[in-house]
Protein chains: 2
Amino acid sequence: MTVSLDAMSFVERIADGHRPSIAQAISLLEARHPGFEELGEALWAAGGTARVIGITGAPGSGKSTLVNALTRELRVRGRRVGIVAVDPSSSISGGAILGDRIRMGEHTRDGNVYVRSLSNRGSLGGISRATFDAVTVLDAARFDDVIVETVGVGQAEVDIVRVAHSVLVVSVPGFGDDIQMIKAGLLELADIHVVNKADRPDVHKLVSEITSMLTLEPRPESGHWSPPVVETVALAAPSGIDALVDALNLHTDWLRSTGKLEERTRRAAEIRVREIAKELLVESLQDLSAEDTFQDAIASVTSRKRGPCVVAAELVRCFAVPS
Amino acid sequence: MTVSLDAMSFVERIADGHRPSIAQAISLLEARHPGFEELGEALWAAGGTARVIGITGAPGSGKSTLVNALTRELRVRGRRVGIVAVDPSSSISGGAILGDRIRMGEHTRDGNVYVRSLSNRGSLGGISRATFDAVTVLDAARFDDVIVETVGVGQAEVDIVRVAHSVLVVSVPGFGDDIQMIKAGLLELADIHVVNKADRPDVHKLVSEITSMLTLEPRPESGHWSPPVVETVALAAPSGIDALVDALNLHTDWLRSTGKLEERTRRAAEIRVREIAKELLVESLQDLSAEDTFQDAIASVTSRKRGPCVVAAELVRCFAVPS
């Protein structure tokens, strides 16, 4: 009962934009501090007003600088902006390497901008839930826009941005083969294509590549959204950022007027539930594997008595799905 | 009984290096064709002789070109080489984009080299198992070296190379912030650091960065492996590739002489079982989510009656762990 009242007043402080409470809520949820479930529920119930913007792209596409410039333009238009940036540092190094977060420094003294970096730590994942929780807190804190930024490599990283209402995929001219491959895989996610570093020589080639890929897609029917291609320069003398915000607003209007907003909201809920369930299952698997029987099973694989697929299937049968 | 005999003669043809059988076995396992479990078991029992080499690095580090040059040098030394290359194309585009695989063309008419590309398709993963299966087949086909190449971004991609006896992490001079972050996260995986494109200007800076990072690590005790830093140029006029193979052979000798080989083999078995079990669990989750109760649960999240964490936990409780 006491906890319940606490959670409620906590949520009220967050809704008032109280920054220490926002920071604390994200940390409590991330650490799964006692009472975190109730807090999460109260925050979820309080939210649902923010526009969630997902930004992804290959490494080196200048996403962080773009987020910085985009935030500046959104602020000019009077919007309060929350940012959740997922750092692609691996589980091994254990923490976020915040190099490019420093560029966000320009907004640190703006009370209407809140930046939270999350590291991709923990070999059993957890980054999806941590990201979703941070979005939930910033949504409950009544930020008009919540930007989620991830590097678009790896399935989990890609799924994270799919909780957004609008997905921006950032490409840059030039670059090597495997970055091009990553880019190709991401393009179909895009509601808006951003060609960043558009002051580079090869920009027209890239824009026409993306445009021709879009032309190959099924013919736009009524109610179909044709993803625009917006050219930006985010560093030094920024350009195209106003056009990007216009495109974003157009997409928001389109979602609202066609009823696609409900579809997106539903998709976001499904991705959240599925990803969190996946993380919980992997944790249970981890618990199970500390047992002797697991170690014996591994020994039988090492000695080539049994194959890894058979042993894995046996392990999974321990998680009985009720009929 | 018939199936059992078939699987055995199939495995014998594979052990003789019969290329169509190798290709067919990888495809049968990937498609989970009826009988695939028995085939997988028979192949697993027949293997265990190959040296497995994992190669990973940030996008753009020239891994594929390096694998090509490395294969050439291993062939000069009389070794038969199997290659499993995981393409980082996303689930969305549906298939591998084989751009840089074309560079492997030089080896296509060499009967002692076998290249298999796998795409990172299917939103529920499956790439770990597909990769492990391909390694199992190439191991059973008595290739001396089996190279597994992945882009080192995303937890699954990183875990895949950890089934190797020796892990090579490829870095390149220059590059932007987020590639540096990825690199930093990968470095601790390395048994051998490869600084590729070593004809670039900033090479000494990168080598000294890696070296100083290594110096920060706990002091080498007896039986400790100090990862060497090898500078290579893989394109045009290759250099350093012979030194790389020497370093690889030294690591293999070290694994054998210290008993660490068993430890690595055990680690590989554990990663295989855990990753396959994870993929199986996620599939079961997918099956479950087609049911009406799942759709009702999502609707309660969308309407903000219940939060995604609570609903996910409820879903996972359907997978009861036996006490």
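**View 1. A loop arginine in chain B, B:Arg142.** At 47% relative accessibility, B:Arg142 counts as partly exposed (buried means under 20% relative accessible area, exposed over 50%, and partly exposed is in between, with a 1.4 Å probe and protein chains only). You'll find B:Arg142 in the loop between α5 (127–140) and β4 (145–151) of chain B. Helices (H or I, at least four residues) and strands (E, at least two) are DSSP runs, numbered from the N terminus. B:Arg142 isn't a glycine, yet its phi is positive, near 65°. Another arginine with this feature is B:Arg304, whose positive phi is about 65° although it is not a glycine. B:Arg304 sits in the loop between α11 (292–302) and α12 (308–317) of chain B.

A quick note before the next views: this is a predicted model, where local features need pLDDT of at least 70 and side-chain atom pairs count only at pLDDT 80 or more, while totals for chains, interfaces and linings use all residues. Residues are numbered from 1 along each chain as its sequence is written, chains are lettered from A and ligands numbered from 1 in the order in which they are written, and side-chain values use heavy atoms, with hydrogens and water left out.

**View 2. The open sheet of chain A.** Chain A has 12 helices and seven strands. An open sheet of seven strands runs in the order β3-β2-β4-β1-β5-β6-β7 (chain A), with parallel pairing. At the edges stand β3 (113–119) and β7 of chain A, each with a single partner strand, so one side of each has no neighbour in the sheet. From one strand to the next, the twist averages 20° (axes are lines fitted to C-alpha atoms, for helices over the stretch in contact, and angles run from 0 to 180 degrees between N-to-C directions). What holds strands like these together? Strands of a sheet pair through backbone hydrogen bonds, either parallel or antiparallel.

View 3. Strand β2 (residues 81–87) of chain A runs parallel to strand β4 (residues 145–151) of chain A, and five bridges join them (two strands pair if DSSP finds at least two bridges between them). Look for A:Gly82: its bridge partner in β4(A) is A:Val146. Helix α5 (residues 127–140) of chain A packs on the sheet and touches β1 (51–57), β2, β3 and β4 of chain A; its direction makes about 170° with that of β2(A). Helix α8 (residues 203–216) of chain A packs on the sheet too, touching β5, β6 and β7 of chain A, and its direction makes about 165° with that of β6(A). Contact here means heavy atoms within 4.5 Å.

**View 4. Strand β6 of chain A, with a partner on either side.** Which way do the side chains go? A:Ile192 and A:Val194 point one way from strand β6 (residues 192–195) of chain A, A:His193 and A:Val195 point the other way, and all are buried. Strand β5 (residues 166–171) of chain A pairs with β6(A) in the parallel sense over four bridges, and A:Val170 has A:Val194 as its bridge partner in β6(A). β6(A) also pairs with strand β7 (residues 229–231) of chain A, in the parallel sense over three bridges. There, A:Val195 has A:Glu231 as its bridge partner in β7(A).

**View 5. An enclosed helix, α4 of chain A.** In helix α4(A), 11 of the 14 residues are buried, so this helix is largely enclosed by the rest of the structure. Among them are A:Leu66, A:Val67, A:Leu70 and A:Leu74, along with A:Lys63 and A:Glu73. After α4(A) comes A:Gly78, whose phi is positive, near 80°.

**View 6. A buried histidine in chain B, B:His251.** B:His251 lies in helix α9 (residues 241–258) of chain B. Buried or exposed? B:His251 is buried, with a relative accessible area of 0%. Its side chain makes a polar contact with the side chain of B:Asp191 (3.4 Å). A polar contact is a pair of N or O atoms within 3.5 Å; within protein, one must be able to donate a hydrogen and the other to accept it, and residues adjacent in sequence count only if both atoms are side-chain atoms. Leaving aside neighbours within four places in sequence, B:His251 is in contact with residues including B:His165, B:Trp225 and B:Arg264.
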